[in-house]
Amino acid sequence: MWGAMAKPKDTAAHLKDAIDENLRKIYHEILNEDIPDRFKDLIEQLRKKEGGK
Amino acid sequence: MTEHDAPAADPRDDLPHHLPAMRAFAISLTRDLTAADDLVQDTIVKAWSNFDKFQSGSNLRAWLFTILRNTFYSDRRKRRREVMDSDGVHAATLFVKPAHDARLAMTDFLGAFNQLTPEHREVLVLVGASGFSYEDAATMTGVAVGTVKSRVSRARLRLCELLGLQAGEDIVAEMDGATKAVMSRSTTQAA
């Protein structure tokens, strides 16, 4: 019975992996969202102000 | 706009390429979409007027992230009292351990993540999610590498606490007292 159980060290590593996996999932979900037009417009504006570099 | 991975001659041309990552980082710091987009906007404006200080060939994303987090913390200092109050409210919220489930539920996870301090959220996103090295994260946050390392591990521990999980213990199943006694003896021996 004891042998079937994960050792504490393994579960700590498992926990760390689970945390990082969740972090990446959330992060990548946001990465795949469309960028609001306001940022493209802003960059356009900044370029114009600069005198068309 | 063309998609490209090689750096452009003018780093300004690469800026749009980093916007999704900047937005993800901003959301993790502000925990609020509107505030995050305002932060990204301020970062773009600041970056634009400082591009002459950008060293070509160096990591543009790290440079942009640095401006973004510095802007976030300086805004936060300006609104300190307000922010501390809202953090207090968040900290008072207790999260329930996900029952009989080895997998962390995403909503529980996000709820716990959002209760972390910005410093902890920041290192977790930089190191855990975006894959920056400890060294890069140290440069970006302006602290020593050792500080980043200990922050990351403290942030993970705090997340576990908030989720009702104890690091080093079994999260796979609920344990009875007898099993716990065996486990803790074994931990002591292993240490």
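**Entry 1: a bent helix**

I began with helix α1 (residues 11–30) of chain B, which bends by about 50° at B:H18, and a proline, B:P20, follows within four residues. The bend at a residue is the angle between axes fitted to the seven residues ending there and the seven starting there. Helices (H or I, at least four residues) and strands (E, at least two) are DSSP runs, numbered from the N terminus.

Before going on, I noted that this is a predicted model, where local features need pLDDT of at least 70, side-chain atom pairs count only at pLDDT 80 or more, and totals for chains, interfaces and linings use all residues. Residues are numbered from 1 along each chain as its sequence is written, with chains lettered from A and ligands numbered from 1 in the order in which they are written.

Back in α1(B), I found B:H18 among the buried residues, along with others including B:L15, B:M22, B:F25 and B:I27. Buried here means 20 or more other C-beta atoms within 10 Å of the residue's own, with C-beta atoms placed from the backbone. After α1(B) comes B:R31, with a positive phi near 60°.

**Entry 2: the two chains**

I counted nine helices and zero strands in chain B, and two helices and zero strands in chain A. Buried residues make up 30% of the 191 in chain B and 15% of the 53 in chain A.

**Entry 3: α2(B) against α3(B)**

How do the axes of α2 (residues 33–50) and α3 (residues 60–78) of chain B cross? They come within 9 Å and cross at roughly 120°; the axes are lines fitted to C-alpha atoms over the stretch in contact, with angles from 0 to 180 degrees between N-to-C directions. α2(B) and α3(B) are therefore oblique to each other (under 35 degrees is roughly parallel, over 145 roughly antiparallel, 65 to 115 roughly perpendicular, the rest oblique).

On the α2(B) side I listed B:L39, B:D42, B:T43, B:K46 and B:A47, which meet B:L64, B:I67, B:L68, B:T71 and B:F72 in α3(B). Contact means C-beta atoms, placed from the backbone, within 7 Å.

**Entry 4: α3(B) against α7(B)**

I then turned to α3(B) and helix α7 (residues 134–141) of chain B, whose axes come within 9 Å and cross at roughly 40°. α3(B) and α7(B) are therefore oblique to each other. The contact is made by B:A62, B:F65, B:T66 and B:R69 of α3(B) with B:D136, B:M140 and B:T141 of α7(B).

Definitions and conventions
Two residues are in contact if their C-beta atoms, placed from the backbone, lie within 7 Å. A residue is buried if 20 or more other C-beta atoms lie within 10 Å of its own, exposed if 12 or fewer, and partly exposed in between; C-beta atoms are placed from the backbone.
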